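Biologist: Before I rely on any label in this description, I would like to hear the criterion behind it and the value that meets it.

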Amino acid sequence: PTPDRAGNHLASAVTWSFSTATSPAPDTTITYGPSGTVNSSSASFSFTSTISGSTFTCSLDGAPFTACTSPVNYSGLGDGTHAFAVAANANGVTDPTPATAGWTVDTTPPTVTATSPTDGATNVATSTTVTATFSEPVASATITSSSFTLTDTTTASPVTGSVSYDSTSQTATLAPSAALAAGHNFSATLTTAITDLAGNHLASAVSWSFSTAASPAPDTTIT
């Protein structure tokens, strides 16, 4: 060891340690993928990292992370909620907060669970409105005067009226512009243009029929 100017040496060797900063963790971003409610049993996700040359691991619905590349594709997904996660790895460091995405698959078409008047009803009041209740929420924009119609089959003429949809009760209503003709037969129809919120159409058109009460007979009096 090198002595001081008087020739005195350090009494013992002096050692100290330090460490360098770790490599920065990559940050992962999902740039493309499904969201909300969709009617597809397939899904594709694209993703990137803030560090060039990163590798990735992916997880679907809580499964262990496995190596993947962008885009990653999945198929055969069942109806219900799903979750996707992806983490970038660079310089031996994995993103501690993987990017995540959630969505819902709905491939089941809506159905009609109730109508008013019921199919085959008779003596229905001429002031009646016509309603249909669905098995799930439907897209209100698809409930129109073209997709929900009423026809007077006695005269083979369409019945004009206003059409509305109540999302709380999941019910569509057709209110005729004027009282229905007494003693006539009517047919209401919902077309396959009607969809649920995921875009699934009615599997087939739904029709039901009813008849209105006849006008009351006059009462004759001899005076």
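This is a predicted model: local features need pLDDT of at least 70, side-chain atom pairs count only at pLDDT 80 or more; totals for chains, interfaces and linings use all residues.

Modeller: Residues are numbered from 1 along each chain as its sequence is written, and side-chain values use heavy atoms, with hydrogens and water left out.

Biologist: Why is Phe84 called buried?

Modeller: Buried means under 20% relative accessible area, exposed over 50% and partly exposed in between, with a 1.4 Å probe and protein chains only. Phe84 has a relative accessible area of 1%, so the residue counts as buried. Leu174, in strand S16 (residues 171-176), is buried at 3%, and Thr142 at 17% is therefore buried as well.

Biologist: What makes the pair of Tyr74 and Phe84 edge-to-face?

Modeller: Rings of Phe, Tyr and Trp (its six-membered ring) pair if their centres lie within 6.5 Å, and planes under 30 degrees apart count as stacked, over 60 as edge-to-face and the rest as tilted. By this rule there are seven aromatic pairs. In the pair of Tyr74 and Phe84 the centres are 6.0 Å apart and the planes stand at 65 degrees, so the label edge-to-face applies. Because Tyr74 lies in strand S6 (residues 72-74) and Phe84 in strand S7 (residues 80-90), this pair ties together parts that are 10 residues apart in sequence. Ring pairs also link Phe45, Phe47, Phe56, Tyr74, Phe84 and Trp103 into a cluster.

Biologist: How do you know that S13 pairs with S17?

Modeller: Strands (E, at least two residues) are DSSP runs, numbered from the N terminus, as are helices (H or I, at least four), and two strands pair if DSSP finds at least two bridges between them. Five bridges join S13 to strand S17 (residues 185-190), and the two run antiparallel, with Asp152 opposite Phe186 in S17. S13 also pairs with strand S14 (residues 157-158), in the antiparallel sense, over two bridges, and there Thr151 stands opposite Pro158.

Biologist: Why are S11 and S14 said to stand at the edges?

Modeller: The open sheet of five strands has the order S11-S18-S17-S13-S14, with mixed pairing. Strand S11 (121-124) and S14 each have a single partner strand, so one side of each is left without a neighbour in the sheet.

Biologist: What does the side chain of Asp152 reach, and at what distance?

Modeller: A polar contact is a pair of N or O atoms within 3.5 Å; within protein, one must be able to donate a hydrogen and the other to accept it, and residues adjacent in sequence count only if both atoms are side-chain atoms. The side chain of Asp152 reaches the backbone nitrogen of Thr154 at 3.0 Å. In the case of Thr142, a polar atom of its side chain lies 2.6 Å from the backbone oxygen of Ala139.
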